[in-house]
Amino acid sequence: MNLLEKKLSASPVCKEAQQARDKGIYPYFRAIESDQDTEVTINGKRVLMFGSNAYLGLTNHPKVKEAALEAVKKYGTGMAGSRFLNGTLDIHVALEKKIAAFLGKEDALMYSTGFQVNLGVVSVLTGREDYILWDELDHASIIEGHRLSYSQKLKYRHNNMDSLEKQLQKCEPDKVKLIVTDTVFSMEGDIANLPEIVRLARKYNAVIMADEAHGLGVLGRQGRGACDHYGVLSDVDLVMGTFSKSLASIGGFIAGTKPVIEFLRYTSRPYIFSASNTPAATAAANAAFDIMVSEPERNAHLWKLTHYALERFRAMGCEIGRTSTPIIPLFIRNNEKTFAITKELFDNGVFVNPVVSPAVAPTDTLIRFSLMATHTFEQLDFALDKIEKVLQKAGVRQIAHSPKK
Ligand SMILES: Cc1ncc(COP(=O)(O)O)c(C=O)c1O
C-alpha cells in the first residue's frame, strides 16, 4: 500500500464499513437485479421496496419507459456536450418551459442532476459581501454549494425560526441575504416552516431558495410541492427540484425570475461545464411529469398509505420524529443496531435504508422508511408487521416523538 492508500484505509468510515462486513451486517450497494417497483430482486431474493424516493411509483410505468425508448430512437443515447454549446435539445427547452409555467415562474434551467443544481446555484448567486442562511439539516448538495461560495454563511437551527431571525439580524440590511432550505427534509420527513420563512424574508428583505426534491409530486396542487401546499409559491424566489424522485428519472431544475436564470446560464459551472441531460432521462422526466399532473389519484393513494403508516408507527411506539410525509424515520440512535435491524428486515423481505453517522450524528441514526403510490395496503401491512417484530426483538420499542433538534 502506498501512503495515500494506507491513510485512507485507516479512515473511520472505511474501518466501520469493514467491521460491518465482518459482522455480516453491511447494508450498502445492494444491487437490484429486477425492474424497480414495490417489489425488487436482490441476490435472487424478492423483497418489498420501502427505501425508494420514487414517491409516485413511476420508474416502471410503461408510458415513462416508452418515452425514454422513443427519445433514444430519435436523439441517440448521449449528449456529448453541455447545454451551452452542442448539448441543447428541443425537449430540454420544452421541459424547462413546462416546469416554469407549472410553478408560475418566469424561467427555468435544467441540470444533469439535482445535486448539480444546488451546487451550481448556491455557489454563484451571492458575492463576498452577501449572506447565505441555511438550515443545519439542508441536503449535502446545498452545503457543497455554499462551501464554494465566498459569501458569509450563517447556519440556523433546524426549522427553528427564532434561530433564523437571529441570523438575519446579524446581516447588513443593504446586502443580499439568501435563505436556502429543503422543503421536505430528506431523512427526517418534516416540512420546513415556509410561511414563517416567507414572513421573515419579507421583514429582512431576504431572498428564498426552496429545495423541493422531496416536495415535488408529494405536496401541493398536482404535486407542485410544499411551497404550493402552504400557498407561498409566488413568495418563494427560487424553486429547485429533481427528476430523480417523483419524476422517475435523473436531472434537476431551478425555476425563478428571468434575471436570475439568465445570470445562471452564463455563470453556473456545473451547468456550463458538464454534459447535458440525456435524451432518455429528459423524455422520461417529461412523461412522468405529465402523469403527475394528470393522475392525481396516485398522490391521493400515497397520502392514504402515509396517514395509515404514520398512525401504525405511532401506535407501535416507534420514535418517528416530526415527519408528516411519506418519508418516515425510525430513530434507532446507534450505528451498529441500525445496520443489524436493516439486515434483519432485509432477511424478512423488507428493504429499508439505514442512515448512520457521519450522515447524521451517532445519536440520531435512523432507518428511513419511504412510501410509493404503487404500494398496496397488503404490502404496507406486511412491512409494518415485520418491522414491529424486528424492533421488538432488537429492544427498540420506544415512546413516540423525538425531541426537537
Ligand atoms: C433535498 C435534496 N436535494 C437535492 C438532492 C440531489 O438530487 P439528485 O439525486 O437528483 O442529484 C437530493 C437527493 O438526494 C435531496 O434529497
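This is a predicted model: local features need pLDDT of at least 70, side-chain atom pairs count only at pLDDT 80 or more; totals for chains, interfaces and linings use all residues.
1. Let's begin with the surroundings of the ligand. There are 15 residues around the ligand, and F115, D211, H214, S244 and K245 come nearest. By type, the shell divides into 9 polar, 3 nonpolar and 3 charged residues.

2. Which parts of the fold supply this shell? Helix 5 (114-122) and strand 8 (238-242) each give at least two residues. The largest share, 3 residues, comes from helix 5.

3. Next, look at the polar atoms facing the ligand's oxygen atoms. A polar side-chain atom of S244 is 2.7 Å from an oxygen atom of the ligand. For K245, an N or O atom of the side chain lies 3.0 Å from a ligand oxygen. G114 takes part through its backbone, where a polar atom is 3.1 Å from an oxygen atom of the ligand. Taken alone, the ligand exposes 390 Å², and the protein buries 85% of that.

4. Now turn to helix 14, which covers residues 335-347 and has 13 residues. From first C-alpha to last, helix 14 reaches 19 Å, close to the 18 Å expected.

5. Which residues of helix 14 are buried? They are N335, T338, F339, I341, T342, L345 and F346. Seen down the axis of helix 14, these buried residues fall within an arc of 165°, so they line one face of the helix. An α-helix has 3.6 residues a turn, so residues three or four places apart point the same way.

6. Finally, check both ends. N334 caps the N-terminal end of helix 14, with a side-chain oxygen 3.0 Å from the backbone nitrogen of E336. Helix 14 is followed by G349, whose phi is positive, near 90°.

Note on methods:
Residues are numbered from 1 along each chain as its sequence is written. Side-chain values use heavy atoms; hydrogens and water are left out. Helices (H or I, at least four residues) and strands (E, at least two) are DSSP runs, numbered from the N terminus. The expected span of a helix is 1.5 Å times one less than its number of residues. Buried means under 20% relative accessible area, exposed over 50%, partly exposed in between (1.4 Å probe, protein chains only). The arc is that of the directions from the helix axis to the C-beta atoms. A polar contact is a pair of N or O atoms within 3.5 Å; within protein, one must be able to donate a hydrogen and the other to accept it, and residues adjacent in sequence count only if both atoms are side-chain atoms. A residue is near a molecule or strand if one of its heavy atoms lies within 4 Å of it. Accessible areas come from the Shrake-Rupley method with a 1.4 Å probe; for residues, only the protein chains shown count as cover. Ala, Val, Leu, Ile, Met, Phe, Trp, Tyr, Cys and Pro count as nonpolar, Asp, Glu, Lys and Arg as charged, and the others, Gly among them, as polar.
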